[in-house]
Amino acid sequence: METETAAKVATYLLQINAIKLDSQKPFTWASGLRSPIYCDNRLSLSFPQVRTFLKNSLVQATILFPEFDRVAGVATAGIPHGMLVADVLDLPFLYIREKPKSHGRQNQIEGEVKEGAKILLIEDLISTGGSSLQAVRAAREAKMEVVGVLALFSYGFPEAADAFAKENCPLITLSNYSVLLREATKLNYITEEEAGVLENWSNNPQKWSDTFNQNSQI
């Protein structure tokens, strides 16, 4: 994405505390990984100015993908942003769960499933890319074409880039971790020293987590 847009997205997410940075008291992810960053982009929905900016930025970014006739949100956090994009573009909207429901019609995809439809998937956050690519595979199994995934933010993990490449699925994000660190330093959210620690985490999150746990036990 354009540097100006990426910087503004990062700044907004910092200002509303959707992204929190703390290298001294890291957060524990659901996987058990210790991380100096926690990202909850759902908070942006509560701030009209931020929500509108993100909506407009996502809509502008859709021109970077091949033509599509459906917008789909990756459940659950991608649903509201996907719905906003679909509304602006006046296109049908669907959303895709991680797995089929265990009751009722047992749907994994909610909305009109049309064979041959061309879908743009909207996601809020890319870490390893696992949940997004599950949605991609579900859409393809339903004989719909996925033109790509558009997300608000990415941690920039190489494994995610590799996974999307392996699935032959284009990925574009409005902002990313390296832009975030630059803006956070510029705005004095973190020091240069803290930025170095945070950059080390992104290079090898598992090693950083293991090292922190070892040091905290000494």
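The backbone oxygen of D124 lies 3.1 Å from a polar atom of the N41 side chain, a polar contact in the sense of a pair of N or O atoms within 3.5 Å, where within protein one must be able to donate a hydrogen and the other to accept it, and residues adjacent in sequence count only if both atoms are side-chain atoms. The structure is a predicted model, in which local features need pLDDT of at least 70 and side-chain atom pairs count only at pLDDT 80 or more, while totals for chains, interfaces and linings use all residues. Residues are numbered from 1 along each chain as its sequence is written, and side-chain values use heavy atoms, with hydrogens and water left out.

- N41 is placed in the loop between β4 (37–39) and α2 (48–61); helices (H or I, at least four residues) and strands (E, at least two) are DSSP runs, numbered from the N terminus.
- N41 is buried, with a relative accessible area of 0%; buried means under 20% relative accessible area, exposed over 50%, and partly exposed in between (1.4 Å probe, protein chains only).
- Apart from neighbours within four places in sequence, N41 is in contact with L13, A18, H81, D124, L125, L152 and F153, where contact means heavy atoms within 4.5 Å.

**Salt bridges**

- Side chains of opposite charge can pair when their charged atoms come close.
- The count comes to eight salt bridges, each defined as a side-chain nitrogen of Lys or Arg within 4 Å of a carboxyl oxygen of Asp or Glu.
- E167 forms a salt bridge with R137 at 2.6 Å, N to O.
- This pair links distant parts of the chain, with E167 in the loop between α5 (158–166) and β10 (171–176) and R137 in helix α4 (residues 130–141), 30 residues apart.
- R137 is partly exposed, at a relative accessible area of 34%.
- E167 also meets R140 in a salt bridge at 3.3 Å, N to O.
- Here too the pair links distant parts of the chain, since E167 is in the loop between α5 and β10 and R140 is in helix α4, 27 residues apart.
- R140 is partly exposed, with a relative accessible area of 32%.
- Salt bridges that share partners join D69, R70 and E112 into one network.
- R70 is buried, at a relative accessible area of 7%, whereas D69 is partly exposed, at 31%.

**Helix packing**

- Two packed helices are described by the angle between their axes and the distance between the axes.
- The axes of helix α1 (residues 3–15) and α2 come within 11 Å and cross at roughly 150 degrees; axes are lines fitted to C-alpha atoms, for helices over the stretch in contact, and angles run from 0 to 180 degrees between N-to-C directions.
- α1 and α2 are therefore roughly antiparallel to each other, a term for angles over 145 degrees.
- T5, K8, V9 and Y12 in α1 meet Q49, V50, F53, L54 and S57 in α2.
- The axes of helix α6 (residues 177–186) and helix α7 (residues 192–203) come within 10 Å and cross at roughly 170 degrees.
- That angle makes α6 roughly antiparallel to α7.
- Y177, L181 and T185 of α6 make the contact with E192, A195, L198, E199, W201 and S202 of α7.

**P158**

- P158 is found in helix α5 and is exposed, with a relative accessible area of 56%.
- P158 and N204 are 46 residues apart in sequence and 9.8 Å apart in space, C-alpha to C-alpha.

Note on methods: Angles under 35 degrees count as roughly parallel, over 145 as roughly antiparallel, 65 to 115 as roughly perpendicular and the rest as oblique.
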